[in-house]
Amino acid sequence: MNTRNSFSDEQLQAFVDDEIDIAERAEIMEAVRHDDELACRVCELLQIKDSVRLAYREPELPANPPASWKSGWWSGTPFRAAAAVLIFALGTVTGTALQMNTTDPLSHTGGKLASAAIANQELKRVVLHISTAESQRLDQALSDAEELLGSYKDRPEMVQLEVVANTEGLSLLRADTSPYPERIRRLAQQFNNVSFLACSRTIEKLRMRGIDVHLLPEARVIPGALEAIVDRMQEGWVYIRV
Amino acid sequence: MFNNTRLIRHELEQRRQMLYQLAYSWCHQPALADDLVQDTMVKALRNAKQLQNTKAVKAWLTRILANCWYDHLRSNRDLADIDNLSAETEPRTEDGNERQDIIDRVRKMIAQLPDGQRQVITLVDLAGFSYAEIGEILDIPIGTVMSRICRARKALKAALSEFDPRHDYARANIRRIK
């Protein structure tokens, strides 16, 4: 039989990760029965494994993004992601193979990019995903919505717009936090082809934290924002993330 | 394409928690983890046609997540700030319970591991991937997977030993493997 010195660290790692064959497994288990030090080595590995699982069993959910990364990350990637989906959706709808330029900074051209891309479609069906509470971004998103709906006010049947808010973005549709309740009211009154949808999961999380959520009267609650977005993407809607 | 898209959508619903857990363990920033998962969702649907083996969809989604993470690291390397981690972990109870101390310590230790080691240990311990699957996801040889796991666990062991030098936990659990 092997002694404890016969088993390398790699072998014991593979043992706790269930990466060895039955014969070797049986050999190690038998050795463990007679060797307390070997048993301790194995148990330490199991403890580490358990500790990693424990550490991430309940990962924190996004609530208040820290300012340290907000400016750098927020201004770049979501817009690239939005562009990717936008181009994907357009490619699907029009059958055109489009390439995405991931190096161009799109943060200052998001609205124009969206409008230009949308203009290539016949029927404009757009889901605008709001996941930030940043006032400047919300302002840009509402400006895009106003521009899109306004440019088709004589042919409203050509445009459908859904504004889906979740996580931090729910603040746009909350009566006590929305920076633009009047603009939302105007849009809803002026156009019947726009919907403002609030994610019930986000509402539930806020309520669990003791926050009483009151939505603007124009907002409608949906079960899950991401599910709704995936549904729309499958139906060929253009997705723009703010 | 349609079947793939439907499958991917189903898998995204099933695997969302796992993807978030992984993303969070890599970046330790809730909102960033959420962004990475959402980017993964978008790219998975966009590239549905590229999924060759539908049985390996979990690994395929994880590979996309890993690529999203690499993209983020490439463009935001200068923003990484491990010292801020403690401020983002769960608040401790007033009497500072031991469980939360372990969670904080392990998270901080994992955050300090090199990217490669951090990814490997979380892929095996949180997502339950085999070494071979991890090799494919990260495009590295199995030997590298094993050596990274080994180094990562040694570092974690040192951190946990410092926390509890008595090692009573290990001895108390010997029965588990008999």
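Me: Before we start, what makes a residue count as buried here?

Reply: A residue is buried if 20 or more other C-beta atoms lie within 10 Å of its own. One thing to keep in mind: this is a predicted model. In helix α6 of chain B, the buried residues are B:Gln117, B:Arg118, B:Gln119, B:Val120, B:Ile121, B:Thr122, B:Leu123, B:Val124 and B:Asp125.

Me: What makes α6(B) largely enclosed by the rest of the structure?

Reply: The count does: nine of the 11 residues of α6(B) are buried, so the helix is largely enclosed. For chain B as a whole, buried residues make up 40% of the 178 residues.

Me: Why does B:Thr122 count as buried?

Reply: B:Thr122 has 24 C-beta neighbours inside 10 Å. The cut-off is 20 or more, so B:Thr122 counts as buried.

Me: Which residues does B:Thr122 touch, leaving out those up to four places away in sequence?

Reply: B:Thr122, which sits in helix α6 of chain B, touches A:Val52, B:Leu22, B:Ser25 and B:Trp26. There is also B:Gln21, 101 residues away along the chain, whose C-alpha atom is 9.0 Å from that of B:Thr122.

Me: Why are α3(A) and α6(B) called roughly perpendicular?

Reply: Helix α3 (residues 36-57) of chain A and helix α6 (residues 115-125) of chain B pack at an angle of about 90 degrees, and their axes are 10 Å apart. Angles of 65 to 115 degrees count as roughly perpendicular, and therefore this pair of helices, α3(A) and α6(B), gets that name.

Me: Which residues meet where α3(A) packs on α6(B)?

Reply: From α3(A) come A:Lys49, A:Val52 and A:Arg53, and they meet B:Ile121, B:Thr122 and B:Asp125 of α6(B). By type, the residues of this contact are two nonpolar, one polar and three charged.

Me: What makes β5(A) a partner of β1(A)?

Reply: Four bridges link β1(A) with strand β5 (residues 238-241) of chain A, in the parallel sense, against a requirement of at least two. In this pairing A:His129 faces A:Arg241 of β5(A).

Me: What makes β1(A) mostly covered?

Reply: Of the seven residues in β1(A) (residues 124-130), six are buried, and that is what makes the strand mostly covered.

Me: Why are β4 and β5 of chain A said to stand at the edges of the sheet?

Reply: The open sheet has five strands in the order β4-β3-β2-β1-β5 (chain A), with parallel pairing. Strands β4 (219-222) and β5 each have a single partner strand, so one side of each is left without a neighbour in the sheet. From one strand to the next, the twist averages 25 degrees.

Me: How many bridges does β4(A) share with β3(A)?

Reply: Strand β3 (residues 194-199) of chain A and β4(A) pair in the parallel sense over four bridges. One of the partners in β4(A) is A:Ala219, which bridges to A:Phe196. Helix α9 (residues 200-208) of chain A packs on the sheet and touches β3 and β4, with its direction at about 40 degrees to that of β3(A).

Technical notes: Residues numbered from 1 in each chain as written. Chains lettered and ligands numbered in written order. Predicted model: local features only at pLDDT ≥ 70, side-chain atom pairs only at ≥ 80, totals over all residues. Buried ≥ 20, exposed ≤ 12 C-beta atoms within 10 Å, placed from the backbone. Helix = DSSP H or I, 4+ residues; strand = E, 2+ residues; numbered from the N terminus. Axes fitted to C-alpha atoms, helices over the stretch in contact; angles between N-to-C directions. Parallel < 35°, antiparallel > 145°, perpendicular 65-115°, else oblique. Contact = placed C-beta atoms within 7 Å. Nonpolar A, V, L, I, M, F, W, Y, C, P; charged D, E, K, R; others polar.
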